[in-house]
Amino acid sequence: MKSSLPLFPPHASLIERMWFIFLRATNLLTLLFLVLPILVIIPLSFSDSTFLAYPIPGFSLRWYENLFHSNEWMRAAKNSFIVAPLATVIATVLGTLAAMGLNKAAFTGKALLMAILISPMVVPVVVVGVGVYLFFAQIGLSDSYTGLVFAHAALGAPFVVTTVSATLQGFNHNLVRASLSLGAGPLRTFFRITLPVIAPGLISGALFAFATSFDEVVITLFVAGPEQTTLPRQMFTGIRENISPTIAALATILIVFSTCLLLALEWLRGRNKAAAKF
């Protein structure tokens, strides 16, 4: 019979045990504080009331039907599923190339260049939005799908740079040299040797880039026109003009979608750790 691990260290004092309990209780309360406001939205999406209010008078799927039969919401969903994948592909390609170049090269100012590449993660989004709008307006990319895709790709690329760079830290470059010495070209070496090793970091960065683009609203307000309205922008407009339970229905779908992305990230992270141990 296997003995369970003790909750406290064998020689823990009373103060240490109280401190341990206090930390666990604080962590649990913090988790509830962060999660409960999100979970509260889910029952409201099944309410038959026209207002977002508790207690719920009855349950209905009318707001989900309204969501899927609304031209505005469907157009916004179509735009989101056009812009986010395209921005993810561009961010993944550029971020991977940048990470590989920085990993191989050693030059003065490398840290400064890395800081510039990941600056969209640090600079306030409003500042980025104003800068992108002023620049895109001069070259004719404002109010266009192209401008919106490029802006979202710039936001997602830093996530790919950081995750791929972290994966490349343990990469054995002798494998690349061996492949090249045996006659394989650079592209074949990349796809057969480098890519399988950095795949967990690359996919993780791509998922972060996709989530960033799919959830972005500030830059969309600056860059996109009426025809490029995405789901977050449509939700923002709906909250500002009329708070409808349809927004709660969409929010519930996005919660499930985001949870699936997080589970995929955790699965990839577990695979990455297992591969590193192997």
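## Aromatic pairs and a nonpolar surface patch

In this predicted model, F81, F210, F214 and F257 are joined into a cluster by ring pairs. The structure contains nine aromatic pairs.

One of these is formed by F135 and F136, whose rings are tilted at 45° between the planes, with 5.9 Å from centre to centre. F136, by contrast, is buried, with a relative accessible area of 8%.

A further tilted pair is that of F214 and F257. F214 belongs to helix α9 (residues 186–215) and F257 to helix α12 (residues 245–277), so this contact ties together parts that lie 43 residues apart in sequence. F214 is buried at 9% relative accessibility, whereas F257 is partly exposed at 27%.

The geometry of the two pairs is set out below.

| Pair | Centre to centre | Angle between planes | Class |
|---|---|---|---|
| F135 and F136 | 5.9 Å | 45° | tilted |
| F214 and F257 | 5.4 Å | 45° | tilted |

The surface also carries a nonpolar patch. L28, L29, L31, L32, F33, L34, V35, L36 and L39 make up this patch, which covers about 880 Å². F33, one of its members, is located in helix α1 (residues 14–39). With a relative accessibility of 65%, F33 lies over the 50% cut-off and therefore counts as exposed.

Definitions and conventions. Residues are numbered from 1 along each chain as its sequence is written. This is a predicted model: local features need pLDDT of at least 70, side-chain atom pairs count only at pLDDT 80 or more; totals for chains, interfaces and linings use all residues. Side-chain values use heavy atoms; hydrogens and water are left out. Patches are made of residues with over 30% relative accessible area and no salt bridge: like charges are joined within 9 Å, nonpolar side chains (Val, Leu, Ile, Met, Phe, Trp, Tyr) within 5 Å. Accessible areas come from the Shrake-Rupley method with a 1.4 Å probe; for residues, only the protein chains shown count as cover. A salt bridge is a side-chain nitrogen of Lys or Arg within 4 Å of a carboxyl oxygen of Asp or Glu. Helices (H or I, at least four residues) and strands (E, at least two) are DSSP runs, numbered from the N terminus. Buried means under 20% relative accessible area, exposed over 50%, partly exposed in between (1.4 Å probe, protein chains only). Rings of Phe, Tyr and Trp (its six-membered ring) pair if their centres lie within 6.5 Å; planes under 30 degrees apart count as stacked, over 60 as edge-to-face and the rest as tilted.
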